[in-house]
Amino acid sequence: MSTFYNDVIQKDPRFESGTRIDDLALLEPKTRQLVQQIIEAAQQMGIDLMVYETYRSQARQEELFDSGATRLRSVGVHTYGLACDIVRAIRGEPSWKGDFSFLGQLAHSSGLIWGGDWGDPDRQHGFVDPVHVQRCTLARQPALFAGTWYPDDAYNPCTDDPHPLFAAATSPAAARSKPAPAAGRKQKS
Ligand SMILES: [Zn+2]
């Protein structure tokens, strides 16, 4: 499969780098374009942002896992060039302070999943990462990590259908919650 990960990331001399990388060139092109759009939109809202981390090697992922900064042990969505950490820029320095819900709104309207709600604001999440955006749903991550799936340009994680097993598990509940109009009419009469 020819993907940005196979063709560019794996061949980059920084592939096994243990240090933080903030180079946009190591973001998959569509992800890069959306991140740049978000930064421009925030600027128009009067919020200065900066890219803190783009690509992340497996070695660095393991290091961050050990320190508790991530829940993913060996590879993450950053490793595939599909995630970016965007922080506030305060006098040129990165800042994690303040509310990042604006980033969630910008991410959602751009077609990226926000780490503040992982694309599912109705659910309580044990781990939140309000400076993180990614172009992949949580349901797609296993296939991404297995090398069997990579997003094309048209892919939008915000409109991606849930995993078939997830859909099957939730659809009976959805059917039950539908109102029964016949019964309603009967009660009125
Ligand atoms: Zn991140």
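Me: Is the crossing of α2 and α4 left-handed or right-handed?
Reply: A crossing is left-handed if the near helix is turned anticlockwise from the far one by less than a right angle, and right-handed if clockwise. Here α2 passes α4 in a right-handed crossing. Bear in mind that this is a predicted model, where local features need pLDDT of at least 70, side-chain atom pairs count only at pLDDT 80 or more, and totals for chains, interfaces and linings use all residues. Residues are numbered from 1 along each chain as its sequence is written.

Me: At what angle do the axes of α2 and α4 cross?
Reply: Axes are lines fitted to C-alpha atoms, for helices over the stretch in contact, with angles from 0 to 180 degrees between N-to-C directions. The α2 and α4 axes cross at roughly 135° and come within 10 Å. α2 and α4 are therefore oblique to each other (under 35 degrees is roughly parallel, over 145 roughly antiparallel, 65 to 115 roughly perpendicular, the rest oblique).

Me: Which residues of α2 meet α4?
Reply: Contact means C-beta atoms, placed from the backbone, within 7 Å. From α2, L34, Q37, I38, A41 and A42 meet F102, L106, A107 and S110 of α4.

Me: And which residues does A107 touch, leaving out those up to four places away in sequence?
Reply: I38, L112, I113, W114 and V133.

Me: How many helices and strands does the protein have?
Reply: Helices (H or I, at least four residues) and strands (E, at least two) are DSSP runs, numbered from the N terminus. There are seven helices and five strands, in the order α-α-β-α-β-β-α-β-β-α-α-α.

Methods: Contact = placed C-beta atoms within 7 Å.
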